[in-house]
Amino acid sequence: MKKSRKLLLTLLTTTSVISLSPPSALAANHSAENDSTDITSFSEAAVNPLYEDVIQLSDLKSPGKDQVSFAAETSKHCTSISEAVEYLRDEMTKRSETIIFEFQGIDYQDGMAKQIITEALSHTGNPIEGDYIAWQYPGWSCDINRVTQDNTTTLSFKYTITYYTTSEQEAEVDSTLENVLLQLDLENKTDYEKICDIYDYICDNVKYDYDNLEDDNYKLKYTAYAALLDKKAVCQGYAVLFYRMSLESGVDARLIPGTANGGSHGWNIVELDHKYYNLDSTWDAGKSEPEYFLKCNENFSDHVRHSDYDSEEFNAAYPMSEKDYEPSDTPPSSEDPFTDVEESDYFYDAVLWASQNQITSGTDATHFSPSAPCTRAQAVTFLWRTNGEPEPENPENLFTDIKPDDYFYKAVLWAYENGITTGLNESHFQPNDTVTRKEFVTFLWRAKGKPESDLSENPFSDVPDDSYYKTAVLWAYKNGITTGMDEAHFQPDHECVRAQVVTFLYRAYNETE
């Protein structure tokens with residue numbers, strides 16, 4: 001197999017904001033029919049830093065001129081800033097040019113519109129969000145109305161977003177990309193093989209768009225649409241396409257802006273075996289052998305990251321390998337490495353699946369210890385890894401008994417913020433306690449979205465109707481995740497051993513809808 005190459009990227013996700021109406025300068029009170037109502041208007045606008053040389057504020061789509069009346073258009077009522085972020089992100093994936101929402105109880109702060117859109121553009125792991133949007137738009141403006149009536153403040157936001165692609169063009173990308181991914185047949189390949197195939201596809205099929213390089217009026221050159229449909233683009237097109245295809249295949253990637261050979265440039269990083277490696281497909285396009293593929297920082301010459309992407313926080317979230325990636329000459333063995341796991345064991349397939357997918361290793365090189373108790377920390381970590389090790393969105397840690405250098409730290413924060421576990425009390429997670437059968441089945445059920453169970457009868461005499469775990473147990477029973485300890489007993493308070501935990505995981509994520 002030909003090694004894959006690297007992808008080029010040139011975008012800063014930090015947006016520089018021009019405040020068109022700072023509160024101190026342009027705040028204007030408008031009398032309404034009722035003297036107790038005050039309306040104050042503000043505006044913010046920004047050009048994407050990537051395109052500062054070719055885009056001016058005057059080039060962006062213009063919002064309506066009446067900054068007061070648009071509140072009447074508001075149809076989305078948000079209860080918090082986080083809900084507004086989710087709504088804005090969702091509308092941007094649809095390429096909505098005008099996005100209006102409001103919420104109450106929070107007063108306007110200078111730069112609030114920037115804060116909301118910056119969070120909306122953050123990396124989520126969804127292939128059509130995050131960097132995929134952030135690199136394909138030239139800028140935005142936002143009108144904000146603050147309406148205060150009877151001591152209640154309502155903030156209404158009207159974003160006007162300019163994009164480089166339309167919703168129709170994105171639909172073409174979706175359709176074409178679906179066919180390309182089917183042709184590449186990535187489903188049963190290793191992450192390394194997926195990256196190789198995607199990288200080779202881009203480097204073999206996309207050419208650098210020298211024809212339109214100096215044409216500032218032709219904006220499609222910056223997009224995945226141009227790279228995929230027209231087969232030519234500038235570096236942004238290469239990079240965004242790799243990001244989209246990598247995430248579509250289940251492999252995490254990011255876009256890294258910076259400089260190369262003295263000019264603005266960008267590239268991708270991609271995850272393999274819990275470490276990240278540099279890729280630059282623009283520089284490798286058309287070469288018989290790649291030079292900038294899966295490199296550590298030390299060997300990724302002529303590339304300097306923008307400071308925001310070389311911070312302690314960013315490097316902690318995306319740890320780089322200290323050496324270039326070296327694929328194994330032999331494929332991973334499908335044989336059982338554990339002397340205490342026999343093919344006749346009910347947990348045989350589950351243990352091999354968990355081992356091969358790095359959900360859990362054995363207790364040593366040759367022992368899995370299937371009958372050993374599983375701790376709450378281990379159980380949540382196994383579940384987190386099964387879900388792709390998502391980054392927790394809220395860094396706040398409420399538990400005094402876990403700390404940042406614990407291997408299970410991110411797993412617990414993720415589980416807590418997603419309602420999978422609340423801890424044993426408000427300040428303690430009790431990571432070293434053995435997880436019980438009722439606890440782990442409930443964790444699974446919540447992680448799967450709390451599906452309803454349509455069982456008409458409860459087969460277990462030890463699962464009370466008013467117990468918090470009843471629906472979870474009946475769902476697990478209905479879907480074959482567990483059959484109980486016997487026909488009439490689930491034994492909810494018994495410890496959940498390692499064999500049971502990986503078996504429940506395997507059945508829930510491989511054998512159920």
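Modeller: I start from Thr436, which touches Pro492, Asp493, His494, Glu495 and Cys496, leaving aside residues up to four places away in sequence. The model is a predicted one. Thr436 sits in the loop between helix 13 (409-417) and helix 14 (437-447). Its relative accessibility is 14%, under the 20% limit, so Thr436 counts as buried.

Helix 12 is mostly covered, with nine of its 11 residues buried. Those buried residues are Arg376, Ala377, Ala379, Val380, Thr381, Phe382, Leu383, Trp384 and Thr386. Just after helix 12, Gly388 takes a positive phi of about 90 degrees.

Next come the nonpolar cores. The largest has 80 residues, and Phe101, Phe103, Ile116, Phe157, Tyr159, Met245 and Leu294 are those with the most contacts inside it. A second, separate core has 53 residues, including Phe338, Ala354, Ala379 and Phe440. Ala379 is also one of the buried residues of helix 12.

On the strand side, strand 12 (residues 275-279) is largely enclosed by the rest of the structure, because four of its five residues are buried. Strand 12 runs antiparallel to strand 11 (residues 263-272), and five bridges join the two. Within this pairing, Glu271 stands opposite Tyr276 of strand 12. The hairpin of strand 11 and strand 12 has two residues between the strands, and Asp273 there takes a positive phi near 55 degrees. Strand 12 is also joined to strand 13 (residues 293-295), antiparallel again, by two bridges. Leu279 has Phe293 in strand 13 as its bridge partner.

Arg95 lies in the loop between helix 2 (81-93) and strand 5 (98-104), while Glu170 belongs to helix 5 (residues 167-184), so the pair ties together parts that are 75 residues apart in sequence. Arg95 is buried at 7% relative accessibility, and Glu170 is buried at 7% as well.

Another salt bridge joins Lys194 to Asp191 at 4.0 Å, N to O. These two are three residues apart in helix 6 (residues 191-205), which puts about one helical turn between them. Lys194 is buried at 10% relative accessibility, whereas Asp191 is partly exposed at 34%.

Asp465 and Lys470 form a salt bridge at 3.2 Å, N to O. Here Asp465 is exposed, with a relative accessible area of 60%, and Lys470 is partly exposed at 22%.

The disulfide count is zero. Cys142 is buried, with a relative accessible area of 1%, and Cys296 is buried at 2%.

For the chain as a whole, the secondary structure comes to 16 helices and 14 strands. Of the 513 residues, 50% are buried. Among contacts with a separation of 6 or more, residues 24 or more positions apart account for 72%. The chain exposes about 24,200 Å², of which carbon and sulfur atoms supply 44%.

Note on methods:
Residues are numbered from 1 along each chain as its sequence is written. This is a predicted model: local features need pLDDT of at least 70, side-chain atom pairs count only at pLDDT 80 or more; totals for chains, interfaces and linings use all residues. Side-chain values use heavy atoms; hydrogens and water are left out. Buried means under 20% relative accessible area, exposed over 50%, partly exposed in between (1.4 Å probe, protein chains only). Contact means heavy atoms within 4.5 Å. Accessible areas come from the Shrake-Rupley method with a 1.4 Å probe; for residues, only the protein chains shown count as cover. A nonpolar core is a set of buried Ala, Val, Leu, Ile, Met, Phe, Trp, Tyr and Cys residues joined through side-chain atoms within 4.5 Å. Two strands pair if DSSP finds at least two bridges between them. A disulfide is a pair of cysteine sulfur atoms within 2.5 Å. A salt bridge is a side-chain nitrogen of Lys or Arg within 4 Å of a carboxyl oxygen of Asp or Glu.
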